[in-house]
Amino acid sequence: MTSEHTTPKLERCSRQKFLVWLSVWGLLLAWGLYGAFLCLFKGLNQTGMNNYFVFGLWITVDLAIIALGAGAFFSGFLFYILKVDHLKDLIGAAVVIGFICYSGAIGMLTIDIGQPLRGYFSFWHANVHSMLTEVIFCITCYLFVLTIEFTPLILENKRLSEFPLFKYIGENLHGIMAVFALVGTFLSFFHQGSLGGMFGVLFARPFAYRTGVAIWPWTFFLFILSAIASGPALTTLVVWTTQKVTGKQLVRRSTLSKLAKLSATLFFVYLILKAADTVYWANVTAPQMGFAFTRFYQGPYGMELLFLELFVFGLLPAVLLLIPKAREHDFSLVIGCLFICMGIVLNRFVMTVQTLSIPVLPFEKFVAYAPTWQEWAVAAAVLGYGVIVYSLSYRYLHLFPREHELNA
Amino acid sequence: MLPTTFEFRWDAGHMIFFGVFYAVVIAIFTSLVYVAVKSIIDVYRDMTARNEANASEHPEHPHEATNEAVIAKS
Amino acid sequence: MKTESGDQRIARYGMTIDVDKCTGCGTCAVVCHMENNVPFTVDESDKSRNMAWMRIYKVDNGLDYPHVRVVYFPRPCMQCDHHTPCVSVCPASATNYDGLTGIVDQINTRCIGCRYCMAACPYMVRCFNWWDPVWPKDMEKHLNPDVAPRMRGVVEKCTFCSHRYLKAKDKAHNEGRDYLREDEYVPACVEACPVGAMRFGDLNNPEHAVAQLIQSPRAFRLLENLHTEPKVYYLSSYEWVRKLADNFA
């Protein structure tokens, strides 16, 4: 990342091969853009959402990718503030992944609101008592910070750095990156928490409601912890996949192991707190509101979801990655990180969709939700967009500082 | 967002929320302005240094060299 | 506003619905549609996406003939009085709790359509405009000029016909009064109920019938365990009906 070094010549695939690769993902992106166009032009009647399921696949994906994108702020915090040096190997990749996740999430949110052109009202007429206001303010500001963090990486490009002004902007931005890392950490803490708070404060939805400290329900803290646990897991997974796809070693193997260990440790702590929260909610909070714990799990959203979340995609990967020998094997490393990410996706799904499926009014019935192809297309487009941005970044930017050394 | 907005009412919540928000915005923009100014100064310093180096390497242009020296002295 | 006796007080407008009297005729729902220009969809059988500020639930006691008993619960907005769930969550301040009347209103032109308020409401009161509202040409002439139709992509809900409150207040002002009589401000559903099952008034005013009715042992509210403090009270003499109003662990 330092500007003093000269970027070595890195070996990349042929332009033709790269274009074929891009077009595959471009098709996915185009399909999603068509779906988005239909939703914007014809309205949200194109989705599977209704007056019961006011949030659906998009909010689930939004919450999930914002949590998984936390690798950017957490790695930045560890590297720039706590000076954990081995993260230098992949801090650039973590920033790009974070940028993709946040920009993708904001893009999806824009389609998800009924009146996209009025989106700025949440700034202009901000209701400061709403957790969603906090989320909107923080993710917008944080995307701006991520763009700033991404800029030096772009300006390090050989062609661009030939311009002295670009070169110095990149260097100077890098010089005070600690300030942006700190601001990013602050913003991320609040919006990750507020995303959890958004559901935790719904005191009229007993499945989601949690007690807490001051204005913050326990879900506020659980979402922060789960995000900083899963963010590094996704970073590990993406870097490992990049190595496999490109056939090159991009970071030291020990760096991936250390990151996975960090992720597993945090995830383990999260699971303990999550279990305590679940026990308290099931035995105290929900019954006070007139709900027996078992009543929440019906139809397609049965008790198996809780089992999957806490054990299969919870305890299992956490314990697996805490075993040093398991971390040394690629298979267990990847399965562990993948399961942690899936656990977080499942948690966000449960908080979003299951919360809305449970009837609170005694005359209402348990309902199920199925997304339409337009919703799947937009969600898939975020993946397509992400792969394209990441591929371009890998090809034209110096994402992995040790790439040259490790492949010499 | 702004006290001029229709129906805006200042209360403790607004003070805390917007206090923190504007602090963050100020921190980001101050840092960006610092980077921009420092980068322009760096570029200017480089240009000056290059000109000086050129001048000392090419004494056949005494007029330019004299000019540089005069500027530097003043 | 002041009371008729001249005391200055903050009103808390509320409603009582006697479910023992309600026949489930649906007049309240129909007049609500007419009064508030509530649009309808092409497929009104899809209740998950239709617009209904006043929805009528048919509920039975779960027994077989001849012991089966049926009641109807007309459900307007509950106008929650305590930490109103939808008001606190709206990011754009598009849902408003009026401190002078207790009416929870919707500022439709400010709604961004995020639907967080719908997630927050346990009574399923709020409806999202999934389509642009379309009325048959002749029907446009019947639209109420006092209520602006809403557009696609915004959330709407029962407002206790707050436009009628504004009209009644203006009328009182023109007549030099600074109070409203009990019968001056009444939502359309209450006015139209053919069996007189619905009553409306200021819950803070002991002279109003509703203030007396809510003291009755027959009075109960929906989901009291959630402590949203609805201002809509139901009345029934039957224990099984009152039990239906809440969840019990």
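**Exercise 1. Describe the polar side of the contact between chain C and chain A.**

Solution. Start with the polar contacts: chain C and chain A share 33 residue pairs in polar contact, both residues at pLDDT 80 or more. A polar contact is a pair of N or O atoms within 3.5 Å; within protein, one must be able to donate a hydrogen and the other to accept it, and residues adjacent in sequence count only if both atoms are side-chain atoms.

Last, look for salt bridges (a side-chain nitrogen of Lys or Arg within 4 Å of a carboxyl oxygen of Asp or Glu). The count is 1 between chain C and chain A. C:Arg115 pairs with A:Asp112 at 2.7 Å, N to O.

**Basis of the values.** This is a predicted model: local features need pLDDT of at least 70, side-chain atom pairs count only at pLDDT 80 or more, and totals for chains, interfaces and linings use all residues. Residues are numbered from 1 along each chain as its sequence is written, chains are lettered from A and ligands numbered from 1 in the order in which they are written, and side-chain values use heavy atoms, with hydrogens and water left out.

**Exercise 2. Find the extent of the contact between chain C and chain A.**

Solution. Count residues: 54 come from chain C and 53 from chain A. Contact means heavy atoms within 4.5 Å.

Now take the area. About 4300 Å² is buried, and carbon and sulfur atoms give 59% of it. Buried area is the accessible area (1.4 Å probe) that two parts lose on being put together, summed over both. On the chain C side, C:Ile112, C:Tyr116 and C:Asn247 supply 16%, more than any other three residues.

**Exercise 3. Work through the contact between chain B and chain A.**

Solution. Chain B gives 26 residues and chain A gives 25. They bury about 2200 Å², with 81% from carbon and sulfur atoms. B:Met1, B:Phe17 and B:Ile28 lose the most area in chain B, together 24% of that side.

Check the polar terms. There are 0 salt bridges and 5 residue pairs in polar contact, both at pLDDT 80 or more. The chain B side divides into 16 nonpolar, 5 polar and 5 charged residues.

Note on methods:
Ala, Val, Leu, Ile, Met, Phe, Trp, Tyr, Cys and Pro count as nonpolar, Asp, Glu, Lys and Arg as charged, and the others, Gly among them, as polar.
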